[in-house]
Amino acid sequence: MAEPVDIRTSEGTPDLQAEPMRINIGPSHPATHATLRFHATLDGETILDLEPEFGYLHRGFEKESEAATWTQVIPYTDRLNYVSPLMNNVGYAMAVEKLCGIEITERCKYVRVIISELSRIIDHMVCIGTNMVDLGALTNFWYFWKPREEVYKLIEELCGQRLTTAYTRIGGAMADLPEGWTDRLLAVCRGVIPECIADVNALLTKNRIFIERTMGAGPITAKDAVALGFTGPCLRAAGVPLDLRKDEPYLVYDRFDFDIPIGEAGDTCDRYMVRMEEMRQSLRIIEQAVAALPGGPINIDDPRFLLPAKAQVYENIEGLMNHFKFIMEGIQVPAGEVYSATEAANGELGFYIVSRGGGGPYKIKVRPPCFPLFQGIPHLVKGQMIADLIAVLGSVNIIAGELDR
Amino acid sequence: MSGVSVVLDRLRERFPGEVVSTHSNFGDDTALVRRERIVEILAFLRDDPELLFGFAMDLTGVDYLGETPRFEVVYHLYSLERKHRVRIKVRLHEDDPVIDTAVSVWPGIDWYEREAWDMYGIVFRGHPNLKRILLYEAFEGHPLRKDYPKAKRQPTIGPEE
């Protein structure tokens, strides 16, 4: 048997290469998915240093919001995490409702839980699917695209759009569930989604190639993950059971029976395992929420926050005036400041809102879950191989829309 | 509402001279503090066994144009163990928008401080790498300041040398 070739001299200095190599990855590179860029310093294939750079997708969300009315901000929130836009709609609406002191209807709370969990499932599917494409396992991607398409059909039926949903309103939603929607939802949640999760599970979870490729790639300890501000599946994969659905139950999450999966090593394999289990738990929540879905109106009965009915607008002057003022001036939100956080697919999605009264926000700051995660990438991959960077980046699920805003 | 919150009571007790005002409007515990001992205050919030704010969830600036002091730096902290949150605010004057960096307390706050510099021009003294983060180095001005016009154009830039 041939001896392995050691390129280093006995003193431990590189023999073949005198200096570390600096290479540029991105911003338009197929494995970076979005417009991300890295300056990598390499010794052979080992990453010595990594400097992430982003902002290529910066649209000035916060500046635009300051010039918009409260309702006009809702479509902007679609473009934050565009893989699960319904969750951003919910997060934003909850923040403004906290400021207004609005208690939304029971039905609306259940509907928001259902759409959030649906979004979580498709978000995780995109994450795992694209992560596997980067690692050369294309089949899983197609297996996950099928149920995702079914979910998009449901979302399109719900709000007329697939991606730019803008579904929630301050005090409710833009429309109630279409007739028979919950039946079609259950058919998808009992049929194609669990089937495809089982297929991917069979292809990957006990696949030795996959396990050896991802285990140990980009690990992080619980302590470091907290210090870096990680939240969501990446934090839970490191063994910290923080999930706002359990820790600060909002909407009606405290009424459902579900578990929070956690990992141990915080590596790419654990992040995959956590996301797979979270999808199953989301299905459990949807089942329970549909079973308990109450009747009644979806919107609160308060003309200060919701558009008058069309019949009112066309037939009497008060309705018309209300509609006009609502559109031109916006709903009137009291002065104050709130921070409202929800557990989005990638972690804590926070909205810090300052109002000085009037029809639009004085300031909106989004706390996107990706921001600290992307900051932590160098910590995850330093000392590892350059090929692991691609595996880790996909498993952390960076969405440039919410990262750059 | 004051006096109800454990966090704010603890903070006032430990730093009586630093806490300017507190409120718990909308259920969010908030303390406005002076900037001089901010790192000490943040380290206390992280380490005190009753508080244990291990997470620096968010940091941002706010521009209250026309008020004095003009700028505000806002920290949002969360405790995993105690399941509580607090908002710490510091006011900064327009001609001296400088505050000590909290990177030594939470390494994860690094990029938030860079963003506040980028967007509001707030200087974090002692920050290891205080440069623009979302915008590019040649960008002029700080766009989230209220006196920055929304429609202002910036010169286009070419590739780096």
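Predicted model: local features only at pLDDT ≥ 70, side-chain atom pairs only at ≥ 80, totals over all residues.
Strands (E, at least two residues) and helices (H or I, at least four) are DSSP runs numbered from the N terminus. Residues are numbered from 1 along each chain as its sequence is written, and chains are lettered from A and ligands numbered from 1 in the order in which they are written. Local features need pLDDT of at least 70 and side-chain atom pairs count only at pLDDT 80 or more, whereas totals for chains, interfaces and linings use all residues.

β6(A) and β7(A) form a hairpin with two residues between them, and the two strands pair in the antiparallel sense over nine bridges, pairing being assigned if DSSP finds at least two bridges between two strands. Within β7(A), Gly350(A) is the bridge partner of Ala341(A).

Both strands also take part in the contact between the chains, to which chain A gives 30 residues and chain B 26 residues; two residues are in contact if their C-beta atoms, placed from the backbone, lie within 7 Å. The elements of chain A that give two or more residues to this side include α3 (85–100), β6 (336–344), β7 (347–355) and α15 (370–381), and the largest share, four residues, comes from β7(A). By residue class, the side of chain A that touches chain B divides into 13 nonpolar, seven polar and 10 charged residues, with Ala, Val, Leu, Ile, Met, Phe, Trp, Tyr, Cys and Pro counted as nonpolar, Asp, Glu, Lys and Arg as charged, and the others, Gly among them, as polar.

Tyr250(A) is placed in the loop between α11 (244–247) and α12 (268–292) of chain A. This residue is buried, with 20 other C-beta atoms within 10 Å, and, residues up to four places away in sequence not being counted, Tyr250(A) touches Met94(A), Leu244(A) and Thr342(A). The C-alpha atoms of Tyr250(A) and Pro303(A), 53 residues apart along the chain, are separated by 25 Å.

Taken as a whole, chain A has 17 helices and eight strands, and buried residues make up 50% of its 405 residues. Among contacts in chain A between residues at least 6 apart in sequence, 69% join residues at least 24 apart.

Note on methods
Buried ≥ 20, exposed ≤ 12 C-beta atoms within 10 Å, placed from the backbone.
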